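Please look at the sequence and the three-dimensional structure below. The paragraphs that follow lead from the whole chain to a few of its elements and residues.

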Amino acid sequence: MELVHSGKVRDVYADGDDLILVASDRVSVYDVVLPTIVPDKGKILTQLSLWWFEQLRDVTPNHVISGTNVPDEWEGRAIRCKRLTMLPVEWIARGYLAGLGLKEYEKSGTVSGVPLPDGLGEASRLPEPIFTPTTKATEGHDEFITYEDVVDEIGADTAAHLKEVTLEVYKRGAALAAERGIIIADTKLEFGRAADGTLVLGDEVLTSDSSRFWPADDWEPGRTQHALDKQFVRDWSSTLDWDRTPPGPAIPAEIVDATRARYIEVYERLTGTTWD
């Protein structure tokens, strides 16, 4: 087993022709890894991703080989997956206006070049889901790009196909979540090419680290929503005298507990199973 990449949250190991994707309990906000872990976070993200990959298997191929055939020390938090050549784009779908999308709209009336109606505010529902890609920065922050930029980067056919898949994954996920009382405001996906050239969904999918989840019965446009995702930690960190550069602040125990509870709530409400 060889460590080939250590990211902010996930570590990737080579095991023969396969990769082992291991989700840690680390937390990152604004691209800074904080010094405090959230217990079970990696397992929750992994198990929720595996559940979603199964729900979405008819929409697009995914990288999963096995969620159980992994080394014992990583049981529950690792996926044996296919090797992919990842594409240099963050594939983002939005059904509601929040976060950086809201800030971009307030500046220009558009997000990633997509024009939106006047008069929208925080947490406004969009007329229809939109595709708002960003760069996939190895250093610094991701930046909004347009669909035309994606075409220039990877070609028209690939861009068109993955835009369609991204929106379908979001719509399918949002509809399923709505049945369980959860709004998926937006989500980020990653795709790569397998050895045979197939376009494959990789990384994680529709988790509390890659998506915004809100309780549907508490949704009210025009204000900050009750976050069932990593936004809760971002909101806490924004109350501090911290310039968003390393080292990050330690997370208080009560924030750790509340974050873990939110991640578990999303897992249980979506999957219909109790977190053990």
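**From the whole chain to single residues**

A compact globule of 276 residues would have a radius of gyration near 19 Å, and the chain has 18 Å, which agrees. Here the radius of gyration is taken over C-alpha atoms, and the globule rule is 2.2 Å times the number of residues to the power 0.38. This is a predicted model, in which local features need pLDDT of at least 70 and side-chain atom pairs count only at pLDDT 80 or more, while totals for chains, interfaces and linings use all residues. Residues are numbered from 1 along each chain as its sequence is written, and side-chain values use heavy atoms, with hydrogens and water left out.

The C-alpha trace spans about 55 × 50 × 40 Å along its principal axes. Six helices and 16 strands are found in the chain; helices (H or I, at least four residues) and strands (E, at least two) are DSSP runs, numbered from the N terminus. Of the 276 residues, 52% are buried. Buried means under 20% relative accessible area, exposed over 50%, and partly exposed in between (1.4 Å probe, protein chains only). Among the contacts in the chain with a separation of 6 or more, 62% are between residues 24 or more positions apart, where contact means heavy atoms within 4.5 Å.

The surface and the charges can be described next. The chain has an accessible surface of about 12900 Å², and carbon and sulfur atoms account for 47% of this. Accessible areas come from the Shrake-Rupley method with a 1.4 Å probe; for residues, only the protein chains shown count as cover. There are 29 positive and 48 negative side chains, and the centres of the two sets lie 2 Å apart. In this count Lys and Arg are positive and Asp and Glu negative, whereas His and the chain ends are not counted. The place of a charge is taken as NZ of Lys, CZ of Arg, CG of Asp or CD of Glu.

Helix α1 has 15 residues and reaches 21 Å from its first C-alpha to its last, close to the 21 Å expected at 1.5 Å a residue. The expected span of a helix is 1.5 Å times one less than its number of residues. Helix α1 is mostly covered, with 11 of its 15 residues buried; among them are Trp51, Trp52 and Phe53.

Helix α6 comprises 19 residues (residues 253-271), which should span 27 Å at 1.5 Å a residue; its end C-alpha atoms are 27 Å apart, which agrees. The buried residues of α6 include Ile255, Thr259, Tyr263 and Tyr267. An α-helix has 3.6 residues a turn, so residues three or four places apart point the same way. The cover over the buried residues of α6 includes α1 (41-55), α4 (156-179), β14 (182-193), β16 (211-215) and α5 (231-237).

How is Thr259 of helix α6 placed? Thr259 lies in that helix, and its relative accessible area of 2% means that Thr259 is buried. Leaving aside neighbours within four places in sequence, Thr259 is in contact with Val38, Phe232 and Val233. Just after α6, Gly272 takes a positive phi of about 75°.

Leu19 is found in strand β3 (residues 18-23) and counts as buried at 14% relative accessibility. The C-alpha atoms of Leu19 and Arg83 are separated by 6.0 Å, although these residues are 64 residues apart along the chain. Trp91, in strand β9 (residues 89-96), counts as buried at 0% relative accessibility. Trp91 and Phe131 are 40 residues apart in sequence and 7.5 Å apart in space, C-alpha to C-alpha. Beyond residues up to four places away in sequence, Trp91 touches several residues, including Phe131, Val150, Leu162 and Phe191.

The backbone also deserves attention. Most residues other than glycine have a negative phi, and most peptide bonds are trans. Ala123, in the loop between β11 (114-115) and β12 (125-131), has a positive phi near 70° and counts as buried at 0% relative accessibility. Asp203 lies in the loop between β15 (199-202) and β16; its phi is positive, near 60°, and Asp203 is buried, with a relative accessible area of 18%. Finally, a cis peptide bond joins Pro246 and Pro247, with omega about -5°, and Pro247 is found in the loop between α5 and α6.
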